[in-house]
Amino acid sequence: MLTRPVFVYTELSPNPNSMKFVLNFELVPDGLSFDYPSLEAALEEGKASPLASDLFQFPHVKRVFIASNFVTITKDDDIAWEEVLRDTKQFIKIYFEENHPVFEQQTIDKNTLIVDSRDSDTVQKIKAALDQYVRPAVESDGGAINFHSFNEDSGVVKVLLQGSCSGCPSSTLTLKAGIENLLTRMVPNVKEVVAEGV
């Protein structure tokens, strides 16, 4: 049986506790991402990930985020990346060389990206702007910012911060100066952007 070559390289993120582990192949269908703030979340039916639950066996791992072709790991404050980086990277490389699954089949079946035809015109514009302009930039930093909701009356867009964005010192600046600026210019009904569940 032929095994694919597995290459893993690391990238720093704006969050000093998060490290992006980039692979040479896709892990998640385009536009989807999975955020695991705990081992319990990694075992949850419908979004379970054997990869994430195995990573939580490392005592330094506090959060696992999987998107596109990378895994972002957020570590404990008390340990330096220099102490754990090599072992974590080696574990990820071996995990994929041995062809272990990223997700349970049920997770894949349940999470195919569907455009909601019930979305209002404004919500469609917000999602399109986030997808086209925000997602590529934020993914390059090892995170994701996903649409949560829009209040037509107040003009407030709520977004979910995931991966390295969650708990990142510069996320508020990115949210207000970057995303809010972009959305208020591109979608006239938008007045403010706030993070949900931070």
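These legends describe an overall view and several close-ups of one predicted protein model. Local features need pLDDT of at least 70 and side-chain atom pairs count only at pLDDT 80 or more, while totals for chains, interfaces and linings use all residues. Residues are numbered from 1 along each chain as its sequence is written, and side-chain values use heavy atoms, with hydrogens and water left out.

View 1. Helices (H or I, at least four residues) and strands (E, at least two) are DSSP runs, numbered from the N terminus. Along the sequence their order is β-β-β-α-α-β-β-α-α-α-β-β-α-β. The C-alpha atoms fill a box of roughly 55 × 35 × 30 Å along the principal axes. Of the 198 residues, 43% count as buried, where buried means under 20% relative accessible area, exposed over 50%, and partly exposed in between (1.4 Å probe, protein chains only). Contact means heavy atoms within 4.5 Å. Among contacts with a separation of 6 or more, 61% join residues 24 or more positions apart.

**View 2. The largest nonpolar core, made of 29 residues.** A nonpolar core is a set of buried Ala, Val, Leu, Ile, Met, Phe, Trp, Tyr and Cys residues joined through side-chain atoms within 4.5 Å. Leu 27, Tyr 36, Val 64, Ile 66 and Phe 96 touch the most other members. At least two residues each come from β2 (18-23), β3 (33-36), α1 (39-43), α2, β4, β5 (70-75) and α3 (81-97). Helix α3 gives the most, with five residues. Apart from this core lies another, of 19 residues, including Ala 129, Val 138, Cys 165 and Val 190. In soluble globular proteins, nonpolar side chains tend to be buried together.

**View 3. The surroundings of Val 64.** Not counting residues up to four places away in sequence, Val 64 touches Phe 34, Asp 35, Tyr 36, Ala 52, Leu 55, Phe 56, Val 71 and Thr 72.

**View 4. His 60, in the loop between α2 (50-55) and β4 (61-67).** His 60 is buried, because its relative accessible area is 6%. Leaving aside neighbours within four places in sequence, His 60 is in contact with Thr 74, Lys 75, Asp 76, Ile 79, Val 84 and Thr 88.

**View 5. Ser 53 in helix α2.** Ser 53 has 10% relative accessibility and therefore counts as buried. Beyond its neighbours within four places in sequence, Ser 53 is in contact with Leu 39, Ala 42 and Leu 43. Val 193 is 140 residues from Ser 53 in sequence and 32 Å from Ser 53 in space, C-alpha to C-alpha.

**View 6. Thr 122 in helix α5 (residues 121-140).** Thr 122 counts as buried because its relative accessibility is 9%. Among residues outside the four places on either side in sequence, Thr 122 touches Phe 150, Glu 152, Val 187 and Asn 189.

**View 7. Ala 177 in helix α6 (residues 171-186).** Ala 177 has a relative accessible area of 41%, so this residue is partly exposed. Between Ala 177 and Asp 76 there are 28 Å in space, C-alpha to C-alpha, and the two are 101 residues apart in sequence.
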